Structures are given as structure tokens and as C-alpha cells.
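I opened this model to look up its sheet, its metal site and its core. My notes are below the structure.

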Amino acid sequence: AFFDTWMLPYDESIKGTVHSHPGPNPRPSGADLNFFSKFGGVHIIIAYPFVEDSVRAYRSDGSVLRIEVVD
Ligand SMILES: [Zn+2]
């Protein structure tokens with residue numbers, strides 16, 4: 001899902017974002033990169049089939065960030 005970012009309050013405490021992709025491609029789209037640049041520094045995309053191996057994290061510039069998913 002996507003929403004207009006102008007609807008969000010400005011909040012410096014926002015550290016990053018999480019969203020899902022309906023398909024198996026976990027790479028950020030151009031719109032995602034634009035969105036990432038506005039909020040925090042860690043951006044997680046959960047791609048289909050929504051399992052641990054389909055979770056990816058990126059910095060605001062779109063470079064891959066290694067994270068560990070913990071319980
Ligand atoms: Zn996306």
C-alpha cells in the first residue's frame with residue numbers, strides 16, 4: 001500500500017519505514033527511494049512470500065543494509 005506522505009505529521013523521532021511488496025522482488029522502486037529519503041535511515045521491505053528470507057533493509061540512498069530478524 002502507498003499513501004501520500006504529506007498526510008503524515010513531521011516527526012524527527014521516525015527512524016525508518018516498513019512496507020511490503022506483493023511480488024517476490026524486494027528491491028526498492030523509484031517511488032520507494034523518494035519515500036526513503038524523507039524518513040529516517042532504515043527502510044525495510046517485506047516481499048512475497050513474506051518470510052524471513054524475503055525481508056530486506058536499505059539505507060535512505062537505497063544501498064543494502066544487513067539486518068538480523070529476531071524474535
Ligand atoms: Zn516498495
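Conventions. I am working with a predicted model, where local features need pLDDT of at least 70, side-chain atom pairs count only at pLDDT 80 or more, and totals for chains, interfaces and linings use all residues. Residues are numbered from 1 along each chain as its sequence is written, and side-chain values use heavy atoms, with hydrogens and water left out.

Sheet. I find 4 strands in an open sheet of mixed pairing, ordered β1-β2-β3-β4. Because β1 (16-21) and β4 (64-65) each have a single partner strand, they are the edges, and one side of each lacks a neighbour in the sheet. Strands (E, at least two residues) and helices (H or I, at least four) are DSSP runs numbered from the N terminus; two strands pair if DSSP finds at least two bridges between them. I looked up β1 with β2 (residues 42-47): the pairing is parallel, over 6 bridges. G16 has V42 as its bridge partner in β2.

Zinc site. Which protein atoms are the donors of the zinc ion? I list H19 (NE2), H21 (NE2) and two OD entries of D32, at 1.9 to 2.6 Å. Donors are N, O and S atoms within 2.8 Å of the metal (3.2 Å for Na, K and Ca); water is not among the atoms, so sites may look incomplete. The donor spacing along the chain is H-x1-H-x10-D. H19 in strand β1 and D32 in helix α1 (residues 30-36) are 13 residues apart, and the pair links distant parts of the chain. The 4 donor atoms subtend angles of 56 to 160°, so I log the arrangement as irregular. H19 is buried at 12% relative accessible area, and D32 is buried at 2%; buried means under 20%, exposed over 50%, partly exposed in between (1.4 Å probe, protein chains only).

T17. I place T17 in strand β1, buried at 10%. Its side chain makes a polar contact with the side chain of H43 at 2.8 Å. Beyond neighbours within four places in sequence, T17 is in contact (heavy atoms within 4.5 Å) with residues including F35, F36 and F39.

Core. The largest nonpolar core has 5 residues: F35, F36, F39, I45 and Y58.

Loop. I checked D53, in the loop between β2 and β3 (55-58); D53 is exposed at 66%. D53 and K38 are 26 Å apart, C-alpha to C-alpha, and 15 residues apart in sequence.

Definitions and conventions:
A nonpolar core is a set of buried Ala, Val, Leu, Ile, Met, Phe, Trp, Tyr and Cys residues joined through side-chain atoms within 4.5 Å. Four donors count as tetrahedral if all angles lie between 85 and 135 degrees; four count as square planar and six as octahedral if opposite donors are over 155 degrees apart and all others between 65 and 115; anything else is irregular. A polar contact is a pair of N or O atoms within 3.5 Å; within protein, one must be able to donate a hydrogen and the other to accept it, and residues adjacent in sequence count only if both atoms are side-chain atoms.
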